[in-house]
Structures are given as C-alpha cells and as structure tokens.
Amino acid sequence: MTHCYYNETVEFFYNKSGKELCHHWRAKDVLVVVLGLTVSIIVLLTNLLVITAIVINKRFHYPIYYLLGNLAAADLFAGIAYMFLMFHTGPRTAELSLKTWFIRQSLLDTSLTASVVNLLAIAVERHQTVFTMQLHSTMSNQRVMILICCIWITALMLGLIPSYGWHCLCDLDNCSRMAPLYSRSYLTFWALSNLFIFLVMVVVYTHIFIYVKRKMARMSKHTSFHPRYKETMINLIKTVIIILSAFVICWTPGQIVLLLDGLGCKSCNVLAVEKYFLLLAEINSVINAIVYSYRDNEMRSTFRKILCFPCYRPPKYSPASVKSSNAEQRILPQNGHSTMDSSL
C-alpha cells in the first residue's frame, strides 16, 4: 500500500530531495530577493502601461493588439507571481504549509505558461499577416477571444496539475531537486512541452525572416520598389532577430535545467543556477513589452499621453500632409507593396 506524506512539512521534502533549506538570510538570498522584486516592479509597471494603452486607444482594437494585451496580462500576472515568490522564499520557505507552497509554484507555472503560449499565438498570427501582406489579421474578435480563453485554460491546466495529483507526496523517490514537492516526470513533461513550443516559434520566425529577405531581394530589382516598403521590411527583420534572440537567451537555460532535473541527472548542479535562470525567464516579461509594444510609434505616442510627458505635443495635420499621405496610400497598393506594422 502506498504511503502518502500529506501531514509532513515542506522542510521534510526538501531534506529528502537534498535541497538545502536555510533558516537564516544569506547574502545570496538577499541578492536574489532584491533583484527579483526590482524586476517584478518593472514588469508590473511596463505591462500595466501596455494594457492601459491598448484599452484607451481605439486604433489598437484589432486582433494582434488583443493578443499583445493578453501577453501583457500574462506577463503582469507573472510579475505578481514572482513577487509573491520573493516574499515567500529564502528562510520563509520552511514556514510555508504544503498548500501555500503549491499555490506559490502554481502561480509561477500558470503565468509563465500563459506567456509562452501567447508568444506562440502571436508568432502564428504574424506569420499569417506577413505572408498575406496585410496590416491586421482577418481573424474576428470572437475568434480572438476564444483563442485567448484557450490560452488561459491551457495555462491553468498545466499550472494546477501538480496540486491535484502530479506531485511526489506519495512517491518520495520521484521528487525533484529544484521543486521538492513536484514529481520529476512532471518537470520533464513541462520542460519538453515548452521546448517544443520554442522549436515551433523558431521555425515560424525563421520562415518569416527568410520570406522577408527573399521578398526584399526580388522587390529591389524593380524601379517601383517604394523606399518606405524597404524600410518596413528591414525593421521587420530586425524585430524578428530581437524576438528570437531574447526568447532563446531568456527561456532556454531554465528549460534545459528543468529537463535535466526531471531526467534525474545526479552530476548536474541544477540548484546552483535555478534561481538566476528563473529570474532570467522573468526578465523576458519586460523584454516582451519593449519588443512587441514600445517599437510601435503609435504605442509610444499613447504612452506619452498616459504619462503626461511635458514633451508630448498633439500631432498637427496640414492639408498638404493629408494629401501626401493619401497619395502614398494610392501609390503603395498600385505597386503591390502594402505597408505592414514594422514593429510586430
């Protein structure tokens, strides 16, 4: 008969898994908490600004911006979850009940999963719009809302599974070292799921990169090749490179460490780097806001309105500039070069 340890303390599982649980504050613990809280505050402020901008500006009421808003909401949630972790880490971990420990971990898992799945949804949407040469997706608002609901349902399922059975409270030999109450099989599943999503994203953005580069090479041979279109394409390539680089740098180390722990690698010193790799993944929540939103001119203008910067001045439109803009709009479709949002 299987014996379960529901009445044991968090410290009991940490000792069994071999993870050190210190009862006093060390310099390393203080450094992690200070860095963690600083990053969390930045994540909260930046993503709250993005959500506010999308809500108040009607020009952002399109599918891609709804997905960006949902990404900001996921990253905002990640900031809250990470802040909760910082207030319940170090020596305070030993004081946690099993329920509180599972809540702490579930908040992190749910928020980070929502962020990753949302990034995949944005990648697929950008792939569709770039290849059809459209500014905005033809997806209806209803479909976007269904997609957003599916993202959060998936995130909640993956985040709450350990709390409802996929743990090691009844199988101590299967406990992981990084998360001593989690089963190693769950860590392996979670890491492999995320790495698969990463692979899909890399394939999607690489396809976009190759397509845009080839498109530029073909278009540059035509005398009708519009300079603004070329600039748009170059900016798009830059954005793709930034997205891929930031994503790989921030997420891959943590997922590999999780996978190694899940596979039971005894010689791998995963505990020495786990907190720093988690912090690195959280930093991606700030980078998301910068890459996906702050590179958008209209978004930056909205930010200035929200923050009431003294340097902000409402744009002035003269009849000549309107006429020039209309003329450009007529020229671009005739040449087959419809403009796209270069920041996305």
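## Salt bridges

The predicted model has 6 salt bridges, each a side-chain nitrogen of Lys or Arg within 4 Å of a carboxyl oxygen of Asp or Glu. In one of them, the side chains of Glu274 and Lys19 meet at 2.9 Å, N to O. The pair links distant parts of the chain, 255 residues apart. Glu274 sits in helix 8, and Lys19 in the loop between helix 1 (10-17) and helix 2. Helices here are DSSP runs (H or I, at least four residues), numbered from the N terminus.

This is a predicted model, where local features need pLDDT of at least 70 and side-chain atom pairs count only at pLDDT 80 or more, while totals for chains, interfaces and linings use all residues. Residues are numbered from 1 along each chain as its sequence is written, and side-chain values use heavy atoms, with hydrogens and water left out.

## The second largest pocket

Glu274 and Lys19 also belong to a pocket lining. They are among the residues nearest the centre of the second largest pocket, together with Met178, Lys275 and Leu278. A pocket is an open set of points on a 1 Å grid over the protein atoms alone, with protein on both sides within 12 Å along at least five of seven lines; lining residues have an atom within 4 Å of a point. The volume is about 840 Å³, taken as the space filled by probe spheres set on the points, which are joined across faces, edges and corners.

In total, 42 residues line this pocket. They divide into 27 nonpolar, 6 polar and 9 charged. Nonpolar means Ala, Val, Leu, Ile, Met, Phe, Trp, Tyr, Cys and Pro; charged means Asp, Glu, Lys and Arg; the others, Gly among them, are polar. Helices 2, 3, 4, 6, 7 and 8 each supply at least two residues of the lining.

## Cavities

How many cavities of 30 Å³ or more does a search of the whole structure find? It finds 2. A cavity is a set of grid points where a 1.4 Å probe fits but cannot get out.

The largest cavity has a volume of about 60 Å³. Helix 7 (227-262) and helix 8 (274-294) are the elements that give two or more residues to its lining. Helix 8 gives the largest share, 5 residues. By class, the lining has 8 nonpolar, 2 polar and no charged residues. Among them are Leu119, Met201, Phe247, Asn288 and Tyr292.

The second largest cavity holds about 40 Å³. Asn288 and Tyr292 line this cavity too, and so do Asn47, Leu68 and Asp75, among others. At least two lining residues come from each of helix 2 (27-56), helix 3 (63-86) and helix 8. The lining has 6 nonpolar, 3 polar and 1 charged residues.

## Helix packing

Helix 4 (residues 98-131) packs against helix 6 (residues 184-219) at about 20 degrees, with their axes 10 Å apart. Axes are lines fitted to C-alpha atoms over the stretch in contact, and angles run from 0 to 180 degrees between N-to-C directions. Helix 4 is therefore roughly parallel to helix 6 (angles under 35 degrees count as such). The crossing is left-handed: the near helix is turned anticlockwise from the far one by less than a right angle, whereas clockwise makes a crossing right-handed. The contact of helix 4 with helix 6 has 21 nonpolar, 4 polar and 2 charged residues.

Helix 3 and helix 5 (residues 141-160) cross at roughly 20 degrees, and their axes come within 10 Å. That makes helix 3 roughly parallel to helix 5. Helix 3 passes helix 5 in a right-handed crossing.

Definitions and conventions
Parallel < 35°, antiparallel > 145°, perpendicular 65-115°, else oblique.
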